[in-house]
Amino acid sequence: MAKYKIEHAKGRTLLVIAGQKVDQLSEREFYAITTMQIPCLVKADIIRKTKTFKLMYDISGYISLREFLMNPLSKRTFSKLLRGILDNLKILQRAYFEERYLLLDVNTVMVNPLNQELKFVFVPISFYENTVSLKGFLLSI
């Protein structure tokens, strides 16, 4: 399983996932992420080396869902947040993206604080094992 970490470099905030050469990238999903074809996903770039690669997601200007939920929310804002999560999942289903490749964690689901827009981090590594199910993610909110 690929681990992630958050790095700050050159005025940008990046969520970095390192993978091994034996891990296989799904080219269709990776192309969709890099060209922003799916608006509810965080844009990614890749750095390839001889035996490893790094997926770099630009999360500049976003805050984590955990940080967003620490602020007082009205019922309307909270219901809009839940509706946004479910709408994004529908968008991914229509595009034939599997939810098991999403990082469903309150630290990795990103929220734009200006308009409360949600973005998910999608890991296009084949056989990626996500430790949190959708049910567990929704219960953690």
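**Figure 1. Asparagine 71, a partly exposed residue in a loop.** Asparagine 71 has a relative accessible area of 43%, so it counts as partly exposed, the class between buried (under 20%) and exposed (over 50%), judged with a 1.4 Å probe and protein chains only. You will find asparagine 71 in the loop between H2 and H3. Helices here are DSSP runs of H or I with at least four residues, strands are runs of E with at least two, and both are numbered from the N terminus. A word on the model: it is predicted, local features need pLDDT of at least 70, side-chain atom pairs count only at pLDDT 80 or more, and totals for chains, interfaces and linings use all residues. Residues are numbered from 1 along each chain as its sequence is written, and side-chain values use heavy atoms, leaving out hydrogens and water.

Figure 2. Lysine 54 sits in strand E4 and is partly exposed, at 28% relative accessibility. Its contacts (heavy atoms within 4.5 Å) include Val16, Ile17 and Ala18, as well as Asp45, Ile46 and Ile47, leaving aside residues up to four places away in sequence. Look for tyrosine 4 too: tyrosine 4 and lysine 54 are 50 residues apart in sequence, yet their C-alpha atoms are 9.8 Å apart in space.

**Figure 3. Two loop residues with a positive phi.** Lysine 10 is not a glycine, but its phi is positive, at about 55°. This lysine 10 belongs to the loop between strand E1 (4-9) and E2, and it is exposed, with a relative accessible area of 87%. Glutamine 116 also has a positive phi, near 60°, and is a residue other than glycine. Its place is the loop between E6 and strand E7 (118-119), where glutamine 116 is partly exposed at 27% relative accessibility.

**Figure 4. The largest nonpolar core.** A nonpolar core is a set of buried Ala, Val, Leu, Ile, Met, Phe, Trp, Tyr and Cys residues joined through side-chain atoms within 4.5 Å. The largest one has 40 residues, and Leu41, Leu55, Tyr57, Leu65 and Phe120 have the most contacts inside it. Elements that each supply at least two residues of this core include strand E2 (12-20), helix H1 (27-34), strand E4 (52-58) and helix H3 (75-94). H3 gives the most to this core, with 4 residues. Now pick out leucine 41: not counting residues up to four places away in sequence, it touches Ile33, Met36, Leu92, Phe97, Leu102, Lys119, Phe120 and Phe122.

**Figure 5. Stepping back to the whole chain.** The chain has 4 helices and 7 strands, in the order β-β-α-β-β-β-α-α-β-β-α along the sequence. Of its 141 residues, 38% are buried. Among contacts between residues at least 6 apart in sequence, 69% join residues at least 24 apart. Along the principal axes, the C-alpha atoms fill a box of roughly 50 × 35 × 25 Å.
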